[in-house]
Amino acid sequence: MNELHKKILSLSRVIRKDLFDSGWINEYSNDIFNRWGVSNLDCLVLSSLERDISFSSIGDQNFIIFDNYILELFDVLYKFYNRKIFPKKEILRFIYKLLSEKHFTRGEYLASSHYITLFSKICIPQVDENLYCKERLYCQQSFIFFHEFMHYLISIKKWKITYYPPISNVLNGLGENIPKSWSPALENKFTNNKQLLEELDCDVLGMRAAIELAKITFDTDPFISSKYILLAHNFMFIISIIDNIATLSKPKLIELDFNFIYRNVYIGIFLDSILVSLYEKNHNLLDDEKIKINNFTQNMISLIGSDIDVSVPTGYEAMNVTITKELKESLKDLLLHSQV
Ligand SMILES: [Zn+2]
């Protein structure tokens, strides 16, 4: 990776210290690019408050920018997921921190300080809980990486979008997890939604490649990597909901929810079929995990809907406060150095 390119691509981001080895992706990315005959693509791994995965280009060189901060957040969410009792207080603190970061990266410094104040008010006991697991994070990172790479293949027409059958029957079996306003008309909207179909294709390649890679690298049981992948998709959704409540209106949030449910059900079906066809695993192996993961996501979303004040006090940004360089710097310092 060219140092100048790296500098240019990092310029618009608020860079953090990367806690993970940025070389993980490089262990396989160049090999994958070669195998697909993609010569002008590179991957930049960094950690930033933007915590998004994006594409960029300089001249005719294209880049996937992978933000490892997302892995840190996955680690925290995994800790919450494993608790016997849903840790409401800690989760609220986590959400306020993320909201503060989101507003900061959007240049909304007063709103950012509003949420960092709420974050700082919640004290949580420090428990020594080291769940860090390279195998899990590596698998989740590669799932997202391959998903993005697939978007790239579609964009350069090296892959044609697949059309998937509707999933209304499967959804009917979901019981109370289906939103009440789900209808055949809505289903139709999704079946013909090209963007959504593209996402499904990217998910399929992403999960197959991640399962295979985890098997080769760590000899991970495909059932375990399937669970990690399903978690990664749910964690991404939770983070995107938190990020979006700072910027989106409610109807848009609901639409995001449908998209997520649709993809989540499909991911479950794909994982089942990968386990059966490639690894001769039992067809219903993932069922209990699916329920547990669904419940966790539902609990997170209910908490966001009921306990989080999503509206920054009215007129907050219009308050007669001058954002000095010092104020901005100290806020940035707080965000970069306080533990999620
Ligand atoms: Zn995508």
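**Entry 1: helix α6**

Helices (H or I, at least four residues) and strands (E, at least two) are taken here as DSSP runs, numbered from the N terminus. Just after α6, I noted that Lys157 has a positive phi of about 65°.

**Entry 2: basis of the model**

The model is predicted; local features need pLDDT of at least 70, side-chain atom pairs count only at pLDDT 80 or more, and totals for chains, interfaces and linings use all residues. Residues are numbered from 1 along each chain as its sequence is written.

**Entry 3: the chain as a whole**

I recorded 13 helices and 3 strands in the protein chain. Of its 340 residues, 33% count as buried. A residue is buried if 20 or more other C-beta atoms, placed from the backbone, lie within 10 Å of its own, exposed if 12 or fewer, and partly exposed in between. Among contacts with a separation of 6 or more, 72% join residues 24 or more positions apart; a contact requires C-beta atoms, placed from the backbone, within 7 Å.

**Entry 4: the sheet**

I then looked up the strand order, which is β1-β3-β2 in an open sheet of mixed pairing. Two strands pair if DSSP finds at least two bridges between them. β1 (41-46) and β2 (54-58) stand at the edges with a single partner strand each, so one side of each has no neighbour in the sheet. Neighbouring strands are turned by 30° against each other on average, direction ignored.

β1 pairs with β3 (residues 61-67) in the parallel sense over 6 bridges. Within this pair, Cys43 stands opposite Ile64, and Asp42 stands opposite Phe63. Helix α6 (residues 134-155) packs on the sheet and touches β1, β2 and β3, its direction making about 155° with that of β3. Such angles run from 0 to 180 degrees between N-to-C directions, with axes fitted to C-alpha atoms, for helices over the stretch in contact. I also checked the burial of β1: 5 of its 6 residues are buried, so the strand is largely enclosed by the rest of the structure.

**Entry 5: α10 against α12**

Helix α10 (residues 222-245) packs on helix α12 (residues 287-307) at an angle of about 10°, with the axes 10 Å apart. That makes α10 roughly parallel to α12, a label for angles under 35 degrees. On the α10 side I listed residues including Leu230, Phe237, Ile238 and Ile242, and on the α12 side residues including Ile293, Met300 and Ile301. The residues of this contact divide into 11 nonpolar, 2 polar and 3 charged. Here Ala, Val, Leu, Ile, Met, Phe, Trp, Tyr, Cys and Pro count as nonpolar, Asp, Glu, Lys and Arg as charged, and the others, Gly among them, as polar.

Ile301 counts as partly exposed, with 16 C-beta neighbours inside 10 Å. Its C-alpha atom is 9.2 Å from that of Ile242, 59 residues away in sequence.

**Entry 6: Leu118**

I placed Leu118 in helix α5 (residues 109-121). Leu118 is partly exposed, with 18 other C-beta atoms within 10 Å. The C-alpha atoms of Leu118 and Ser100 are separated by 9.4 Å, the two residues being 18 apart along the chain.

Conventions
Contact = placed C-beta atoms within 7 Å. Parallel < 35°, antiparallel > 145°, perpendicular 65-115°, else oblique.
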